[in-house]
Amino acid sequence: MIDEILFYKFNNIKSILNSNGEIYLETRREISELIKLSPERFYEIELSSRNKNNLPPYYIIITFVYKNNEINLEFLNKYKKIIYKIGNKYKYIYFIPRGEWEDDSIVRSMTYESLKNLNLEVNPVKILD
């Protein structure tokens, strides 16, 4: 029953977005909460939550792995970041407002050039490994 309701809701969301593509849903909400919402309300709440939590589509997330937790990337210093240890290396996660990323070609080119050999990912499928 729950699968049928979710399928119905996803199809409604798909029709609202006027898309023939596939829908992938990533949310922290409980299934019981999703079922109660109209597709429009779900979309509104989810986008608000993503904006508040620095997630796409409002933020570009870049990640890379480095051998220690002391890398000097002055051009990224103004952005929120998280660093955590994985084995004997460190994973860096930066949150860059989409508008700044799209408008600032210098930050984009410096990011790609400086981090291309460090497993750079832009808007990775998984943030935490």
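In which strand does Thr63 lie? In this predicted model, Thr63 belongs to strand E1, which runs over residues 59–66.

The relative accessibility of Thr63 is 1%, and because buried means under 20%, Thr63 counts as buried. Once its neighbours within four places in sequence are set aside, Thr63 is in contact with Lys91, Tyr92, Ile93, Asn119, Leu120, Glu121 and Pro124.

Helix H5 covers residues 105–115, and its buried residues are Val107, Thr111 and Leu115. These residues cover an arc of only 35 degrees around the axis, which means that they sit on the same side of H5. An α-helix has 3.6 residues a turn, so residues three or four places apart point the same way.

The buried residues of H5 pack against E1 and against helix H4 (98–103), whereas the face turned away from this buried side carries the exposed residues Ile106 and Glu113.

## Helix H3

Helix H3 is made of 14 residues, 39–52, and spans 20 Å from its first C-alpha to its last, close to the 20 Å expected at 1.5 Å a residue. The buried residues of H3 are Pro39, Phe42, Glu46 and Arg50. Seen down the axis of H3, these buried residues fall within an arc of 60 degrees, and they therefore line one face of the helix.

After H3 comes Asn54, which has a positive phi, near 60 degrees.

Conventions: Residues numbered from 1 in each chain as written. Predicted model: local features only at pLDDT ≥ 70, side-chain atom pairs only at ≥ 80, totals over all residues. Heavy atoms only, no water. Helix = DSSP H or I, 4+ residues; strand = E, 2+ residues; numbered from the N terminus. Buried < 20%, exposed > 50% of the residue type's maximum accessible area, 1.4 Å probe, protein only. Contact = heavy atoms within 4.5 Å. Arc of directions from axis to C-beta. Expected span 1.5 Å × (residues − 1).
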